[in-house]
Every structure is written in structure tokens, then in C-alpha cells.
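Have the model open and follow along.

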Amino acid sequence: MKKQFILQQCRLRLLISWCVIAAGLVLGINQAEAYTFEEENEVRHVENRYSSSPNVVHVEKQEIKLPEKYSDQAQLTTMVYMGLLWSPQPIVIPKPVMPGKQVVLDPSMPVLAPRSEQVLGTQKVTATGYTAGIESTGKGPKHPQYGITYSGVKVRRDKETVSTIAADPKLFPLGSILYIPGYGYGIVADTGSAIKGNKIDLYFPTTKQVYKEWGKKDVEVQVIKQGGGKCTEQMLDELSQAIDVYKSVPDSWLDKAV
């Protein structure tokens, strides 16, 4: 019974809508005819006024073409418009198309792996994620050396340029630049008592990122520059700016003496 009641309501609404549209069409036709009639009367009034005035100098009479009645297409357009105007149904206006609209893409992009001629050698290592916190270094945020590496620079993690990593200085001296697949470019800025031989630590800001993004992996790193035993903030800033521009380490930077 409920479904039949709903169906009857829908039919009733449809019938009312069609009735209103039909009324709108009739009204449109009447308005179109009234418009034509008014224009014809106005033209006749102007002609009679000038022909009956004695002070008017008559010039050669030009044929005034009276506006014809609406064409079939114009009448149809008017009737449809008036029908929609008086209809209770909503009028959907199409969204205008914006010509030549350009999509602005995110300018950031991952760093590129070094070219084969830039690679000095490869080394298989066990890479572990670490943080500057107590769980990795035993230092809290209030410690004066919190976040400060063995070389004296502050730890940093930047996927788009370079990050600080820790390694055995006998294998990778301070200032060495490595490319770690899945991590990006890293510069050796720190050491550790537990980092001996083929082990490196990759810095992450939080333990959540350590477990989510890395954990512990065996990877084959690419050495693109052997360090000279030091790493400074100036070196980090210059290297970061170079990678930000070229999305990799440029040859001009690798040729610089460190």
C-alpha cells in the first residue's frame, strides 16, 4: 500500500508539472503575439503622425520593413523558455568551460639516482633507521647535545635534497656522500660505537617514521664522493641547494675539494 501511495504521488506531481509547462507555453505564445502587435501599432502611429503634420517637409518615402512575426524557431525557443520559467522543476544551468585553464603541478619531485659515471663504487651494508632521541642516542630534547652529530652539524632529514647519516669513518669518512636506494642522498655526519664495518644508520625525525618508512634493511649503497674527514653546516647547505636545483648531485659540486 505504501508503494502504491508513493507511485500515485509521483504521477500526480508529474501531471501538475506538465500542466504548468503547458500553461507557460500558452503564455509564451500570447506574449510573442502581443509583442508583435505592439511594434506594428507603434510603426503605424509614427507614420500617421508624420503624414498628418503640416509643418513637416516630406522627403522621399523609404520603405519601412515591419518586423515579421517570430519564426518557428524563435517561437519554439520562447515557448520552451516560458514553460521552464513557470515550471516548478529546477533549471539546471550548465557549467561554463574555462578555456586554456592550466593545472599547476606540485614542483617537488623525488631526487634522481646518480649517473653511472658518477658512482665511485658500491657497498652492501645493513642500514638501520635511528632518531636523535633517547631510544637511539640516550639524549633527550633538553640535553645540550640533542640532535647534534659527531661532526657538529645538526641532524636533518630531507627527501628532496640530502639527509645526515651515520657510518664507520674507516669505511666511509665524514663528508662522504652516498646514494641509498629508497632513502635518497645521505652525507656521513655522525658515527657511533655500534656502527662498525658494513653498517650505517639513517636519520629519521621520529620513531614512527623509522618503523613505517625503513626499519632495518640490507641495501647496496652507491658511493659518489669520499669525504675528507669533516662535515660542516656550510657543506650541507651548499649540497642541499645544488640537489634542489638539479635533483641530483652535479658534477661541479663533486669536483670541489672538501
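Start at Tyr183, which is buried, with a relative accessible area of 4%. Keep in mind that this is a predicted model, so everything below is computed from predicted coordinates.

What does Tyr183 pair with? One partner is Phe204: the two rings form an edge-to-face aromatic pair, 5.5 Å centre to centre with 75° between the planes. That pair links distant parts of the chain, 21 residues apart. Tyr183 sits in the loop between strand E3 (177–180) and strand E4 (184–190), while Phe204 sits in the loop between strand E5 (199–203) and helix H4 (207–214). Phe204 counts as buried too, because its relative accessibility is 1% and the cut-off for buried is under 20%.

Tyr183 also forms an aromatic pair with Trp214, again edge-to-face, at 6.1 Å centre to centre and with 75° between the planes. Here the pair links the loop between E3 and E4 to helix H4, where Trp214 lies, and the residues are 31 apart. Trp214 is buried as well, with a relative accessible area of 7%. Put together, ring pairs link Tyr183, Phe204 and Trp214 into a cluster.

Now look for charged side chains around these rings. Arg157 lies over the face of Tyr183, at 3.8 Å from the ring centre. Over at Trp214, Lys217 lies over the ring face, at 4.3 Å from the centre.

Next, zoom out to the strands. Which order do they follow? Six strands close into a barrel, in the order E1-E5-E2-E4-E3-E6, and the pairing is mixed. On average, neighbouring strands of this sheet are turned by 45° against each other, ignoring direction. For a bit of background, strands of a sheet pair through backbone hydrogen bonds, either parallel or antiparallel. One example to find in the viewer is E3 with strand E6 (residues 216–225), which pair in the antiparallel sense over three bridges. There, Ile177 stands opposite Lys225 in E6.

Definitions and conventions: Residues numbered from 1 in each chain as written. Predicted model: local features only at pLDDT ≥ 70, side-chain atom pairs only at ≥ 80, totals over all residues. Heavy atoms only, no water. Phe/Tyr/Trp six-rings, centres within 6.5 Å; stacked < 30°, edge-to-face > 60°. Helix = DSSP H or I, 4+ residues; strand = E, 2+ residues; numbered from the N terminus. Buried < 20%, exposed > 50% of the residue type's maximum accessible area, 1.4 Å probe, protein only. Lys NZ or Arg CZ within 6 Å of the ring centre and 35° of its normal. Pairing = 2+ DSSP bridges. Axes fitted to C-alpha atoms, helices over the stretch in contact; angles between N-to-C directions.
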